[in-house]
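Subject: Model handover

Hi,

Here is the model for your files. Please open it alongside this note.

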Amino acid sequence: MNEEMIARAGEMIAKKTGGGNEGYCVLALIDKDGYPTASTISASKADGINWITFCTGLESNKSDRIRKCNLASVCFNAIDHNITLVGTIEILTDPDVKKEMWYEGLEDNFTGPEDPDYCVLRFKTSRYNLFVDWKEAKGSL
């Protein structure tokens, strides 16, 4: 049953990537004082629940927190689902990755994928708690 729920959660996440109106989720990171902080962010791309990428500024608050502690949690939710993922996150500046993850709307904050302040955050799931289609599943990847 977990495989079925994981696949369904991946489908829901896929609908919320690419920066569209439904592309928001919550990213929780640890701040400089050791407290969890949560912020809304658009998901760029995902591979099911395995990994999710986000786009932000290299000098942003998020990037600062990740440099200090790479533990993270991501939550996608709506009235009919809650997908909570726990894992690690890294900052990527590879030009090919930046270009691949670029989506319409980022030009409001960056000059293009070559912008030196633009970076990609890649979250990798270690464990999950899924509430999808009124069923629950927990586990590790």
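This is a predicted model: local features need pLDDT of at least 70, side-chain atom pairs count only at pLDDT 80 or more; totals for chains, interfaces and linings use all residues.

Residues are numbered from 1 along each chain as its sequence is written, and side-chain values use heavy atoms, with hydrogens and water left out.

Aromatics

There are 3 aromatic pairs (Phe, Tyr or six-membered Trp rings with centres within 6.5 Å; planes under 30 degrees apart are stacked, over 60 edge-to-face, the rest tilted). F110 and Y118 have ring centres 5.3 Å apart and planes at 55 degrees, so they are tilted. F110 is buried at 10% relative accessibility, and Y118 is buried at 0% (buried is under 20% relative accessible area, exposed over 50%, partly exposed in between; 1.4 Å probe, protein chains only). F131 and W134 sit at 5.5 Å and 80 degrees, so that pair is edge-to-face. F131 is partly exposed at 28%; W134 is exposed at 61%. W102, F110 and Y118 make up one aromatic cluster.

Pocket

The largest pocket holds about 230 Å³ (an open set of points on a 1 Å grid over the protein atoms alone, with protein on both sides within 12 Å along at least five of seven lines; lining residues have an atom within 4 Å of a point; the volume is the space filled by probe spheres set on the points). It has 13 lining residues; closest to its centre are S42, C55, Y103, L106 and N109.

Regards

Key. On a 1 Å grid over the protein atoms alone, a cavity is a set of points where a 1.4 Å probe fits but cannot get out, and a pocket is an open set with protein on both sides within 12 Å along at least five of seven lines; lining residues have an atom within 4 Å of a point.
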